[in-house]
Amino acid sequence: MGARMTAWAGLATAATLLLAGCGSDDDGTADDTSSPTVTTSESSTAASATPSPTTTPAPAGTPECADVWQAGGKLPRAYGGCAADGLLVAPDGLGCSSGQTIVRYDERFWAVRGGTISGGDVALTQSKEYKDAVATCRG
């Protein structure tokens, strides 16, 4: 019964995150210090495995991960996950002392909601820029 409750809680969280994206079209900057929507996967390490697609079909209108996660692009403020092969990939977040969350994808990209997407060339565990961002985030 515990596993079933955990699965339902995860689905409810994912649904809440996706519905949160239905509000503002504001594209604030990475300097925004307001508290973002809480992600479904918080981690205490500087780099962790990005969640694989769930077994949950991505709801209609969910952007493709390849379209969202491009270095130099903007991560939508209302980002609640993306679709890969028709399945939902939930956000992988790292909480910051400021209340922001660094959202990571594919162990190669990162951004705060509304901010510029960084990375893409090397794994997060090998990226000095990512490690510096985490140090600032956690500082």
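Predicted model: local features only at pLDDT ≥ 70, side-chain atom pairs only at ≥ 80, totals over all residues.
Side chains of opposite charge can pair when their charged atoms come close. In this structure the count comes to three salt bridges, and they can be taken one after another along with the accessibility of the residues that form them.

Arg104 pairs with Asp92, and the closest N and O atoms of this salt bridge are 3.2 Å apart. The pair links distant parts of the chain, since Arg104 belongs to strand 4 (residues 101-105) while Asp92 belongs to strand 3 (residues 92-95), twelve residues apart. Both Arg104 and Asp92 are buried.

Another salt bridge joins Asp106 to Arg108, with 2.9 Å between the closest N and O atoms. Asp106 has a relative accessible area of 36% and is therefore partly exposed, and Arg108, at 31% relative accessibility, also counts as partly exposed.

The remaining salt bridge is formed by Asp132 and Lys128, whose closest N and O atoms are 2.8 Å apart. Both residues lie in helix 3 (residues 128-138), where they are four residues apart, about one turn of the helix. Lys128 is classed as exposed because its relative accessible area is 59%, which is over 50%, whereas Asp132, with a relative accessible area of 38%, is partly exposed.

The C-alpha atoms of Leu88 and Cys65 are separated by 9.3 Å, although the two residues are 23 residues apart along the chain.

Methods:
Residues numbered from 1 in each chain as written. Heavy atoms only, no water. Salt bridge = Lys/Arg side-chain N within 4 Å of Asp/Glu carboxyl O. Helix = DSSP H or I, 4+ residues; strand = E, 2+ residues; numbered from the N terminus. Buried < 20%, exposed > 50% of the residue type's maximum accessible area, 1.4 Å probe, protein only.
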